[in-house]
Structure formats: structure tokens, C-alpha cells
Amino acid sequence: MSAIMEVKSFMGVIVAAPTAGSCGAMPGAVLGVADSLELSDEETIQALMIAGLIGVFIAAHSTFAAEVGGCQAECGSGATMAAAAIVHLAGGNLNQSISAASMALQSSLGMICDPIGNRVEAPCLNRNVMAASNALSCANMALADYDHLIPLDEVIETMYEVGKSIPNNLRCTNLGGLSITKTAKEIEARLTQKYFYKNC
């Protein structure tokens with residue numbers, strides 16, 4: 001998980017799954033579970049395809065952009081996609097995958113996006129770890145037939161509405177939350193100065 005985030009932060013080439021800021025959550029969780037269960041590449045690919053299909057519904061009916069929906073649109077979506085895939089890896093059925101996805105997104109509603117130092121690195125990594133944990137927990141709940149109550153499509157639509165309700169300064173603008181703490185501003189100044197001197 002952190003390896004993907006590290007490559008992204010160094011401007012390396014990654015697959016944004018679903019976004020650069022949330023690139024560790026879904027693949028980290030899915031590949032970690034697949035490795036732990038010693039599953040084949042084919043089974044892992046099928047799970048990643050399932051995650052991608054959940055992503056199609058999110059893209060069609062909501063957003064992946066933190067600038068529009070806050071971090072719920074990034075790490076929340078990553079957790080949602082991963083939860084469905086993990087259920088498949090564990091031998092669950094379609095309804096359980098959809099249930100896990102619904103619960104993971106329900107658990108992510110309202111997450112703001114407030115990068116420290118004007119870099120999509122922190123608290124992004126922490127939130128990727130949290131998203132992976134959320135996905136695993138919700139997959140386990142779904143496999144135990146916990147009732148997710150709200151259908152996935154309604155939760156996806158709700159995420160979009162909640163995102164529009166989050167103040168602009170808490171949607172990846174560097175204008176609120178952790179972004180404007182004294183320490184975050186000091187970090188940003190150091191990074192800016194380092195970049196300036198390096199490129200002069």
C-alpha cells in the first residue's frame with residue numbers, strides 16, 4: 001500500500017485505482033488478501049475486475065474527485081471497490097459483494113480532503129490504510145450476512161449529495177482542516193523553498 005503511494009509521490013507511473021490520492025487502498029487490500037489466501041493470478045484478476053465494476057457505478061452516478069466530493073470520493077470509493085472484491089476472494093456471492101460495498105461507502109461518508117503541505121501525501125496515506133481496513137471489515141460483515149440496509153446505488157447518490165454539502169475549503173483546496181494548521185504551513189514553506197532552490 002505505502003509502496004504505491006511512494007511511487008506516486010515521486011511522480012512515478014502508477015494505476016490510479018481509483019485515484020492517485022487513494023491508489024494504495026484498493027489494490028493494497030485486494031492484493032494483500034489474495035496473497036494471504038494464496039489465490040491464483042486468475043482469481044485475483046477477477047476480484048480486481050469486480051472492484052472496477054463497482055467503480056463504474058461510482059463514476060456514472062457520483063464522482064472520484066476530492067475537489068467535488070472530499071476524501072469520501074477517493075478513499076471512500078477505494079474502500080467500496082475493495083470491499084466487493086474481497087468478498088469475491090473469500091468465496092462470497094454477488095449480493096454479499098454489493099452489501100460489503102454499500103457498508104464501506106456508508107462508513108466513509110463525510111470524509112474531508114485537507115492535504116498537508118499542499119501535497120497529496122498526508123494524511124492521504126493514513127486514510128488509505130483506514131480505507132483498506134474499512135474494506136476488510138465490511139467484507140467480513142457482509143460474509144456474515146449483516147444487513148447493509150441502504151442499497152449501494154442510493155449510497156453512491158448520497159455520497160455525491162454529501163460531497164456537495166462539504167464546504168469548499170474542505171475539498172482538496174488547501175484552505176481548511178489540517179491544511180491550514182501552523183505545522184502544515186511550515187511544512188509547505190519548507191517544501192516550496194526546497195523545490196525553488198532545486199530548480200534555480
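This is a predicted model: local features need pLDDT of at least 70, side-chain atom pairs count only at pLDDT 80 or more; totals for chains, interfaces and linings use all residues.

Reader: Where is the place of Pro18?

Author: Helices here are DSSP runs of H or I with at least four residues, and strands are runs of E with at least two, both numbered from the N terminus. Residues are numbered from 1 along each chain as its sequence is written, while side-chain values use heavy atoms, with hydrogens and water left out. Pro18 lies in the loop between α1 (2-9) and α2 (25-36).

Reader: What kind of peptide bond joins Ala17 and Pro18, and what is omega there?

Author: The bond that joins Ala17 and Pro18 is cis. Its omega is about 5°.

Reader: Is Glu38 buried or exposed?

Author: Glu38 belongs to the loop between α2 and α3 (41-61), and its phi is near 55°, a positive value in a residue other than glycine. Buried means under 20% relative accessible area, exposed means over 50%, and partly exposed lies in between, with a 1.4 Å probe and protein chains only. The relative accessible area of Glu38 is 73%, and therefore Glu38 is exposed.

Reader: Is Asn174 buried or exposed?

Author: Asn174 is found in the loop between α8 (152-165) and α9 (182-198), and although it is not a glycine, it has a positive phi of about 65°. Its relative accessible area is 8%, so Asn174 is buried.

Reader: How many disulfides does the count come to?

Author: A disulfide is a pair of cysteine sulfur atoms within 2.5 Å. The sulfur of Cys113 has its closest cysteine sulfur in Cys172, at 3.5 Å, which is too far for a bond. By this rule the count comes to 0 disulfides.

Reader: Which cysteine sulfur is nearest to that of Cys71?

Author: Cys71 is in no disulfide, and with a relative accessible area of 8% it is buried. The nearest cysteine sulfur is 3.7 Å away, and it is that of Cys75.

Reader: How many helices and strands are there in the protein?

Author: Read along the sequence, the protein follows the pattern α-α-α-α-α-α-α-α-α. The totals are 9 helices and 0 strands.
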